Amino acid sequence: MTKHHHGKPNPHRFGTPIAEHHGLHSQLAPLSEGAGFQPLPPPTGEAPYRLDLASIIPDQVAAMKKAGGMALHLIADTGGVLDPTPQELVAAGMITDAAITGPYGKPAFAYHCGDVIYFDGQASRYYAQFYLPYEYYPLPILGVPGNHDGDIYDNGVIVDNAPSLTAFMQNFCAATPGTHTPEAMDIPRTAMTQPNCYFTLETPYATFIGLYDNVPEGGVVQQDQRDWFAGELKAAATDKPIIVAMHHPIHSLDAYNSGSKVMQEVLTEAETASGRQAHMVFAGHVHNYQRFTITEADGSAKPFIVAGFGGYHNLSRMQSVDGQPPTVPLTPPDQPNVTLDAYIDDRFGFLRLEIDPETITIRTYTVPRPQEPYRTPPRLRDTLKFDWKSRRVVG
């Protein structure tokens, strides 16, 4: 018998809408709603929610200052919920790279742009998807949560009775250093001491402002966090680059999601209110790697990077152009200031950043596919050198 709702037959529904069917544009309106907005947990630290990297790794920070620069890893969308192998391969690549000394020494920490855990942020998933894969990764991992870290629903049914982000806060925002959580079980890694689910990480060579853009598709940022964001931009040191991290990307030319006009509005509003411009923006959510350059009216450049190829098993392919994979550089027809400079949609990987008083260098690595020899070293696939003082791409 056909079911009726208010006297009308229920309409059939099939595949989820995809961006590829809506034309080549890096910022489409959300094609699906996603789950609903979730209230934020109370902070564990004092406003304005700043964390000094030296409180986590004082010896490495001292070494950075002596070396004249710093190195770190950046990842996103790592949780290996249905297939742990891609995450394990990325972790192995990061462990290999963590031992490599560059011009400013070895990487000192990793920054995560969200979706640590799939699918709904449950504490019970942290061991398999976070602690175990990074058991031998020798560095602290800091970052902001993604939509799956904050979601508590699966297909409209509550799957986690704990309030949104409870497990994230326990494992990334402990009130005291040295907290070993139940989720870590037999792994010695202790929880980070971030002061909030959104926070500013202060380092000798860059200021990282991390936003939490909640669960709904495209992101939602309420006014109190928007005000905080503008305040942190304004307060950021002028002799260091400002790096903004979020989960939902502002620009994406993947076939499925696209980028977020909402997050573009959040960034533009804060930059206008503060009189300060971010130098570079990182995100995840889309399960591939994309590097964009946005050219401002004055000719200055701002890189936007999607780093969502960190281990979640389903990679997102890019939109087709005339039935073929896109050729870079690519500028969408109605976005003349947006250029897609590079992408990787067929492998998993991670980023290594090196930052000094003048430049930010990004090296993007991919790792072996599961069927390839496990000991194959990470492969360099993309490089960006950005003069952050002049806001120009120089290599």
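This is a predicted model: local features need pLDDT of at least 70, side-chain atom pairs count only at pLDDT 80 or more; totals for chains, interfaces and linings use all residues.

Visitor: Fine. With those labels, where is Pro-48?

Guide: Pro-48 sits in the loop between β2 (8-9) and β3 (50-52).

Visitor: And the peptide bond from Ala-47 to Pro-48, cis or trans?

Guide: Cis. Omega for Ala-47 to Pro-48 is near 10°.

Visitor: What about phi of Tyr-49?

Guide: Phi of Tyr-49 is positive, near 60°, and the residue is not a glycine. Tyr-49 is also placed in the loop between β2 and β3.

Visitor: How about the bond that joins Tyr-118 and Phe-119, cis or trans?

Guide: That one is cis, with omega about 0°. Phe-119 lies in the loop between β5 (110-112) and α3 (126-131).

Visitor: New topic. How much space lies in the largest pocket?

Guide: About 960 Å³. The lining of that pocket counts 32 residues, and the closest to its centre are Thr-16, Ser-32, His-148, Glu-217 and Asn-257.

Visitor: Which elements give two or more residues to that lining?

Guide: α4 (147-150) and β7 (153-154).

Visitor: And how do the lining residues of the largest pocket divide by class?

Guide: There are 13 nonpolar, 13 polar and 6 charged residues.

Visitor: Next, the second largest pocket. How much space lies there?

Guide: About 200 Å³.

Visitor: What lines the largest cavity?

Guide: Pro-249, Ile-250 and His-251 are part of the lining, along with Val-281, Ala-283 and Phe-292. Phe-304, Ile-305 and Val-306 line the largest cavity as well. β12 (280-283) and β14 (301-307) each supply at least two of the residues.

Visitor: Which element gives the largest share?

Guide: β14, with 3 residues.

Visitor: And the classes there, how do they divide?

Guide: The lining of the largest cavity has 8 nonpolar residues, 1 polar and no charged.

Visitor: Last topic, helix packing. At what angle do the axes of α6 and α7 cross?

Guide: Roughly 50°, and the axes come within 8 Å. Helix α6 covers residues 223-235 and helix α7 covers residues 261-274.

Visitor: Why call α6 oblique to α7?

Guide: The crossing angle is the reason: roughly 50° makes α6 oblique to α7. Angles under 35 degrees would count as roughly parallel, and 65 to 115 as roughly perpendicular.

Visitor: Left-handed or right-handed crossing?

Guide: The crossing of α6 and α7 is right-handed.

Visitor: Which residues make the contact?

Guide: On α6, they are Gln-223, Arg-226, Phe-229, Ala-230, Leu-233 and Lys-234. On α7, they include Glu-265, Val-266, Leu-267 and Glu-269. Ala-270, Glu-271, Ala-273 and Ser-274 of α7 take part too.

Visitor: And how does that contact look by class?

Guide: The contact of α6 with α7 has 7 nonpolar, 2 polar and 5 charged residues.

Definitions and conventions:
Residues are numbered from 1 along each chain as its sequence is written. Side-chain values use heavy atoms; hydrogens and water are left out. On a 1 Å grid over the protein atoms alone, a cavity is a set of points where a 1.4 Å probe fits but cannot get out, and a pocket is an open set with protein on both sides within 12 Å along at least five of seven lines; lining residues have an atom within 4 Å of a point. Grid points are joined across faces, edges and corners, and a volume is the space filled by probe spheres set on the points. Helices (H or I, at least four residues) and strands (E, at least two) are DSSP runs, numbered from the N terminus. Ala, Val, Leu, Ile, Met, Phe, Trp, Tyr, Cys and Pro count as nonpolar, Asp, Glu, Lys and Arg as charged, and the others, Gly among them, as polar. Axes are lines fitted to C-alpha atoms, for helices over the stretch in contact, and angles run from 0 to 180 degrees between N-to-C directions. Angles under 35 degrees count as roughly parallel, over 145 as roughly antiparallel, 65 to 115 as roughly perpendicular and the rest as oblique. A crossing is left-handed if the near helix is turned anticlockwise from the far one by less than a right angle, and right-handed if clockwise. Contact means heavy atoms within 4.5 Å.
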